[in-house]
Amino acid sequence: MSVFHVISLFGGLALFLYGMRMMGDGLKKGSSTALKKAMEKVTNNPLMGFLMGLLVTAVIQSSTATIVLTSGLVGAGIITLHQSLGIILGANVGTTVTGQIIRLLDVSAGETSWLNVFKPSTLAPLACILGILIIMTVKNSKTGVMGSIAMGFGILFTGLLNMTAAVAPLSESPAFAQLFISLADKPVLGFLAGAAAAFAIQSSSATVGILQALSITGRLTFGSIYSIIIGIYIGDCITTAIVCSIGARADARRTGTVHILFNLSQVILITLGVNILHSVGALNDFWASPMTSGGIANTHTLFKLSCALLLLPVCGLFEKLSYLIVKDDKQVGVNVSRELEMLNEKLYASPSLAFASVQTAISTMAKLASDGVCNALGTFYSFDQKVIDVVNENEDQLDHLTDVVDRYLIAFSPYLNNSADNDRLNYYIQCFPEFERIGDLAVNLTEDAAELHDNKRVFSETAQHELKVIESAIREILEYALWSFTEMDPETARKIEPVEEVIDDMVATLRANHILRLREGSCETYAGLTFLDMLVNLERIADQCSNIGIYVIAQQPAHHGMNHHDYTKSLHHGDDAFFNEMYQERRSYYYDLLKQEEADQISGQIMIEEN
């Protein structure tokens, strides 16, 4: 075997791995929503989880991807660790499907037989032709995914054919034959070789595929390869467990631990079974017989399936052991810990799941910001330092969520390959800073209230009444902003701009009223300046709510790509009947409340003069 054969071997391996990834990525993108719905419906029945794990892994061609995704779902609280047990066992069996596909190498037929269609030498170019035609001629993103899947399939088999051709000269090598013959007597070396190869390549399917390619030499026997196969199981599960453990919560790390425990149990069962059967002579007929690609695939499947069926009834023991091995996390950030856990990078493989986590996190930010404003306004009437401390604590949590969401979305962006997902990403990037600013403005309000209290100043009765009226409008617009974002409700979002315009009018009116009171001396200068600063903060809160409403509306197909400035300009020019009607209705409502105080004051003044 020359250096050129070695280059061809590794080149084929590169194509094989790239094709597998390309095909798997295409399948994951095409089935992202289906995976989310399917995983969420997993029950406590391990058998259902087993079938789910088997099916998903058979589809996406990667047990590592399935288990890492499952770990992310456990970490996000979508499924429990107990529900994940069956999925892990099923994923281990599902990974054998790749080997069964590769066994098509064994297909043999005459030159004119239709069976030649199933030979890799025919399937590879056909898949590549189909894939490139779809990619070059169809612009639809969903159909384009099918092109990627077909191209991946073709590249995978092209790499396999290259590897097979490269190792063909080894069939004549006595040294190579002796190497595998010696492994039959040294299973520990075979085990270590399989574990090292799987760990290095980070794919059990690819490592088994290499064995299948080597089978063309006719030198591989059951006695020499069974230990390599069980070594592959350990090498693969270590990689998966490491990925599951990086930055994960306790239950997510336990998912990786369960995977290791299952594979260790699998190795023990297979080793005991093979040695017992060999010692009684049950394996004598094929212990030293050459293994074909199909024989290796069948051995791989038999090992995995038999162990899964034996261990499925007792998989609860793995869960208990994982709790002993991985201790619970220390509780930090109680209020937002679940949201932080849900922002798990392992969910990038399923954009719908990642977006659901982002939606939950930003909805929590919206609630913290809204509650902060409402609590802060209450301290102007009844000062309470404990309430201010809560507002500040919530603001710290909101800022932390902002930083995490920001980093999460930036890291998530390279995983998105269609315009709809990118639009949704931009929507979230626009929205979450608005809630963060509302939280900052809530803190500004508490500082205003604290200054009044520390300097033993109070607003006049008229100012307090005006504050209560505009507070009602602020609460209304916050409710609309929170609901429209959380529910993605454009109808509620349309109600925001009319109320925002009313708040702008009220701020201008109250500012003028207050300046007049300052001139007349009916309000203290210090308290008056604080009142004006409070109005600035309230106006800015309404502006942030307006932005959120516009972002929600812009997500609708009818308003896709709209210019925000032009949209608000057309509303304020009276071009929208709904805006006009609601603006007039809300303005009349709030100004009637303001006039009620003026009427009460006039009435009170008349009564004083009459007395």
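Predicted model: local features only at pLDDT ≥ 70, side-chain atom pairs only at ≥ 80, totals over all residues.
The biggest share comes from α23, which gives four residues. If you want to find the spot, look for Ala493, Arg494, Ile496, Glu497, Ser546, Gly549, Ile550, Ile553, Tyr567 and Leu571, which line the cavity. Sorted by class, that lining has six nonpolar, two polar and two charged residues. The volume of this cavity is about 50 Å³, and the structure holds three cavities of 30 Å³ or more.

Now zoom out to the whole chain. Its secondary structure comes to 25 helices and zero strands. Of the 611 residues, 51% are buried. Take the contacts between residues at least 6 apart in sequence, and 82% of them join residues at least 24 apart.

Next, the aromatic rings. The count comes to 16 aromatic pairs. Take Phe222 and Trp287: their ring centres are 5.7 Å apart and their planes sit at 65°, over the 60 degrees needed, so this pair is edge-to-face. The two come from distant parts of the chain, 65 residues apart, with Phe222 in helix α12 (residues 222-245) and Trp287 in the loop between α13 (250-279) and α14 (293-311). Both fall under the 20% cut-off for buried residues, because Phe222 has a relative accessible area of 5% and Trp287 one of 14%.

Tyr348 and Tyr415 make another pair, with centres 4.9 Å apart and planes at 40°, so this one is tilted. Here, too, distant parts of the chain are linked: Tyr348 is in the loop between α16 (337-342) and α17 (351-378), while Tyr415 is in the loop between α18 (385-412) and α19 (419-454), 67 residues apart.

One last stop is Arg586, in helix α25 (residues 577-610). Arg586 is a charged residue, and it is buried, with a relative accessible area of 12%. What does Arg586 contact, leaving aside its neighbours within four places in sequence? The partners are Glu476, Val499 and Val502.

Notes
Residues numbered from 1 in each chain as written. Heavy atoms only, no water. Buried < 20%, exposed > 50% of the residue type's maximum accessible area, 1.4 Å probe, protein only. Contact = heavy atoms within 4.5 Å. 1 Å grid on protein atoms, 1.4 Å probe; cavity = no way out; pocket = protein on both sides within 12 Å on 5 of 7 lines; lining within 4 Å. Points joined across faces, edges and corners; volume = space filled by probe spheres on them. Phe/Tyr/Trp six-rings, centres within 6.5 Å; stacked < 30°, edge-to-face > 60°.
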